Amino acid sequence: MKFFLDTANIDQIKKAHEMGIIDGVTTNPSLMAREGIKGEKNILDHYVKICEIVDGDVSAEVISTDFNGMIAEGEKLASLHEQIVVKIPVIESGIKAIRYLADRGIKTNCTLIFNPGQALLAAKAGAGYVSPFIGRLDDIGETGMELIEKLVHIFDIYGFDTEIIAASIRGTHHITRCMEAGVDVATCPLEAITGLLKHPLTDAGLEKFLSDHRKLNG
Ligand code: G3P
């Protein structure tokens with residue numbers, strides 16, 4: 001399973017990159033706003049900065065909702081850096097834009113997926129990735145992981161090349177379930193990834209090893 005970092009925060013991206021465990025980054029307009037990045041030039045520069053830190057795909061989301069606006073933005077974003085993947089919402093004009101960009105060799109990530117039908121249409125349009133949101137389904141009383149499991153199964157049946165990014169991950173429990181489901185990618189906040197390291201027996205075991213060593217060695 002690949003790990004993407006779901007943030008536009010440069011310090012966190014550097015930290016995760018230095019740990020050597022991230023395969024890419026996903027952003028969205030809310031994450032960019034959280035970092036205070038505003039104005040087209042600053043936004044585009046920020047995407048380039050992220051690409052220069054990490055080695056893998058970096059998703060940059062369009063703001064337009066009409067077909068012409070989406071493809072113009074998509075082409076501009078894709079021209080910024082070879083690692084940029086154009087993130088497009090799963091609406092009718094978005095599906096059309098995904099097909100247009102795919103036919104021109106531009107990789108897309110279809111976002112805001114909440115049911116299997118949306119993911120199927122995005123895959124048929126040629127999306128490189130689909131991003132189903134786990135946490136937001138949990139928020140409304142559904143079980144987001146069930147959607148991930150269904151998509152892994154459906155994409156396997158039809159042999160789609162499109163990769164599934166489990167998004168809207170809220171904690172280690174989601175990551176563990178994603179591993180079990182065999183999802184291609186989990187895009188996560190840094191604390192959810194580092195949370196995987198935490199176990200009281202690891203802490204207790206390490207403390208005992210070190211204290212036994214100190215008893216003999218001072
Ligand atoms: O990248 C999109 C997604 O991961 C958003 O997550 O926590 O805002 O639902 P969240």
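Four residues of helix H9, namely His174, Ile175, Cys178 and Ala181, are buried (under 20% relative accessible area, with exposed meaning over 50% and partly exposed in between, for a 1.4 Å probe and protein chains only). Viewed along the axis of H9, the buried residues fall within an arc of 125 degrees, so they line one face of the helix; the arc is that of the directions from the helix axis to the C-beta atoms. His173 and Glu180 are exposed on the other side of H9. The cover over the buried residues of H9 includes strand S1 (2–6), H7, H8, S7, S8 and helix H10 (190–194), where contact means heavy atoms within 4.5 Å. Just after H9, Gly182 adopts a positive phi of about 75 degrees. Helices (H or I, at least four residues) and strands (E, at least two) are DSSP runs, numbered from the N terminus.

The model is predicted, and local features need pLDDT of at least 70, side-chain atom pairs count only at pLDDT 80 or more, and totals for chains, interfaces and linings use all residues. Residues are numbered from 1 along each chain as its sequence is written, and side-chain values use heavy atoms, with hydrogens and water left out.

The protein contains 11 helices and eight strands. Its C-alpha trace spans about 70 × 40 × 30 Å along the principal axes. Of its 218 residues, 48% count as buried. Among contacts between residues at least 6 apart in sequence, 57% join residues at least 24 apart. The accessible surface of the protein comes to about 11,300 Å², and 53% of this belongs to carbon and sulfur atoms. Accessible areas come from the Shrake-Rupley method with a 1.4 Å probe, and for residues only the protein chains shown count as cover.

Helix H8 (residues 144–158), one of the elements covering the buried residues of H9, has 15 residues and reaches 22 Å from its first C-alpha to its last, close to the 21 Å expected at 1.5 Å a residue. The expected span of a helix is 1.5 Å times one less than its number of residues. Gly144, Met145, Leu147, Ile148, Leu151, Val152 and Phe155 are the buried residues of H8. Down the axis of H8 these residues fall within an arc of 150 degrees, so they line one face of the helix. His153 and Ile157, on the other side of H8, are exposed. The buried residues of H8 are covered by elements including strand S5 (108–113), helix H6 (116–125), strand S6 (129–132), helix H7 (134–139), strand S7 (163–166) and helix H9 (172–181).

Helix H3 (residues 40–53) consists of 14 residues and extends 20 Å from its first C-alpha to its last, close to the 20 Å expected at 1.5 Å a residue. The buried residues of H3 are Leu44, His46, Tyr47, Ile50, Cys51 and Ile53. Their cover includes helix H1 (10–19), strand S2 (24–26), helix H2 (29–34), strand S3 (57–61), helix H4 (67–80) and strand S4 (84–89).

Thr187 belongs to strand S8 (residues 185–188) and is buried, with a relative accessible area of 2%. Its side chain makes a polar contact with the side chain of Thr26 (2.5 Å). A polar contact is a pair of N or O atoms within 3.5 Å; within protein, one must be able to donate a hydrogen and the other to accept it, and residues adjacent in sequence count only if both atoms are side-chain atoms. Apart from its neighbours within four places in sequence, Thr187 is in contact with Phe4, Leu5, Asp6, Thr26, Ile165, Ala166, Ala167 and Ile169.

Gly128 is placed in the loop between H6 and S6 and is buried, with a relative accessible area of 16%. Gly128 and Thr108 are separated by 20 residues in sequence and by 5.2 Å in space, C-alpha to C-alpha. When residues up to four places away in sequence are not counted, Gly128 touches Lys107, Thr108, Thr162 and Glu163.

The ligand is surrounded by Asp6, Asn28, Lys87, Phe133, Arg136, Ala167, Ser168 and Arg170, a residue being near a molecule if one of its heavy atoms lies within 4 Å of it. An N or O atom in the side chain of Asn28 is 3.4 Å from an oxygen atom of the ligand, and for the side chain of Arg136 the corresponding distance is 2.7 Å. A polar side-chain atom of Ser168 lies 2.7 Å from a ligand oxygen atom. Taken alone the ligand exposes 310 Å², of which the protein buries 83%.
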